[in-house]
Amino acid sequence: MLSPERLSLPGPEYLAQRHVLTYMEDAVSQLLENREDISQYGIARFFTEYFNSVRQGTHILFREFSFVQATPHNRASFLRTFWRCFRTLGKNGDLLTAQEYHCLLQLLCPDFPMELTQKAARIVLMDDAMDCLMSFSDFLFAFQIQFYYSEFLESVAVIYQDLLAGKNPNTVIVPTSSSGQHRQRQPPNDCSPLDGVDASVFYQCLESLCDRSKYSCPPSALVKEMLSSAQRLTFYGFLMALAKDQGINRALGALPDKGDLFVDPEMDQELEKLVAQVSGVSISGPTSSSGDTANLPVRNSPRINSPWKPLHHWRKMDAESEGSNEETDSSEN
């Protein structure tokens with residue numbers, strides 16, 4: 001069903017809001033890079049598979065960070081994929097360090113910056129003890145806020161520092177680059193109970209920021225409700241409140257409520273489909289009663305030469321790649 005918003009906005013404005021040009025440029029780039037393979041089954045099928053992957057959220061798998069964080073949909077898709085792939089860690093009660101969580105992130109995005117992982121960990125740990133252990137759910141919701149609202153939080157840090165220093169926060173500069181190279185955040189000193197800023201003044205500054213920012217911001221009404229019971233707050237206290245607020249989590253729409261984080265059998269089925277799509281290996285059905293795995297192809301994982309490949313291409317590689325030097329090289333890396 002078409003969104004009513006599509007009919008209420010001028011065409012160019014709607015396309016810009018949905019970042020359609022970003023996906024068209026990426027699709028054409030992938031088309032040119034893989035034109036020899038694509039010519040075998042047609043351009044129309046390529047575009048169909050590409051935009052189906054965008055709709056399903058699998059288009060961000062193994063892509064470079066600049067693409068993963070390029071649009072709100074990409075960020076939400078990455079968050080959802082990270083949760084789906086590694087939620088069993090939370091189910092098992094495993095505790096990991098920031099470095100270990102970063103290694104998991106790099107399995108999905110090889111050049112994911114350590115800086116963002118560290119900032120997410122500081123929301124949980126509230127200090128620089130980066131070797132401390134964190135639960136999956138604590139890290140996940142903190143990472144969601146830090147990753148999805150990254151530019152917003154950079155501006156919030158400037159506002160907070162200005163309020164502490166007694167400066168006019170209206171001079172804050174909203175970030176204009178989405179390259180992922182964010183300047184280093186200077187953590188406020190949260191040691192003394194007297195630290196912090198007036199919550200009402202802080203919210204007024206945030207409301208003004210959200211009105212003029214072109215980047216994703218949490219809903220102002222939810223932020224106001226969240227801060228309504230506080231008189232003063234610290235910077236990391238604000239970030240922790242954002243991470244724990246289920247209303248903001250629902251508004252973002254990438255993750256389920258914390259109570260449902262590990263209780264959703266449908267996600268297990270989706271994970272099986274995702275693994276099948278990525279590896280190109282069909283998951284054996286219940287018809288195989290002998291448990292014999294001889295019917296499954298035994299091969300090394302193919303190296304990914306292009307950030308995105310049509311599913312047809314993966315199936316072709318499965319059939320022809322046995323003994324390939326390219327695959328042998330990738331399995332040794």
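Predicted model: local features only at pLDDT ≥ 70, side-chain atom pairs only at ≥ 80, totals over all residues.
**Close-up 1**

Close-up 2. Is H9 largely enclosed or largely open? Nine of its twelve residues are buried, so the rest of the structure largely encloses this helix. Among those buried residues are Leu-116, Ala-120, Ile-123 and Leu-125, and also Lys-119 and Arg-122. The buried residues of H9 pack against several elements, including helix H8 (98-108), strand E2 (134-135), helix H10 (136-148) and helix H14 (235-244).

**Close-up 3. The largest nonpolar core.** In soluble globular proteins, nonpolar side chains tend to be buried together. Here the largest nonpolar core has 78 residues, and Phe-78, Phe-202 and Phe-238 touch the most other members. Helix H10 supplies the largest share of this core, nine residues. Take a look around Phe-78: setting aside neighbours within four places in sequence, its contacts include Ile-60, Leu-105, Cys-109, Phe-112, Phe-143 and Phe-147.

Close-up 4. Helix H3, residues 20-33, gives the most to the patch, with four residues. Leu-32 is one of the residues that lie in helix H3.

**Close-up 5. Asp-26 and Arg-63.** Side chains of opposite charge can pair when their charged atoms come close. The whole structure holds eight salt bridges, and one of them joins Asp-26 to Arg-63 with an N to O distance of 2.8 Å. Asp-26 belongs to helix H3 and Arg-63 to the loop between helix H5 (43-56) and H6, so this pair ties together parts that are 37 residues apart in sequence. Both partners are buried. Together with Glu-64, Asp-26 and Arg-63 are linked in a network of salt bridges.

**Close-up 6. Two further salt bridges.** Glu-151 pairs with Arg-75, their closest N and O atoms being 2.8 Å apart. This bridge links distant parts of the chain, with Glu-151 in helix H11 and Arg-75 in helix H7, 76 residues apart. Glu-151 and Arg-75 are both buried. In the other bridge, the closest N and O atoms of Asp-257 and Arg-250 are 3.1 Å apart. Asp-257 is partly exposed, with a relative accessible area of 23%, while Arg-250 is exposed at 53%.

Notes:
Residues numbered from 1 in each chain as written. Heavy atoms only, no water. Buried < 20%, exposed > 50% of the residue type's maximum accessible area, 1.4 Å probe, protein only. Helix = DSSP H or I, 4+ residues; strand = E, 2+ residues; numbered from the N terminus. Contact = heavy atoms within 4.5 Å. Core = buried A, V, L, I, M, F, W, Y, C linked by side-chain atoms within 4.5 Å. Salt bridge = Lys/Arg side-chain N within 4 Å of Asp/Glu carboxyl O.
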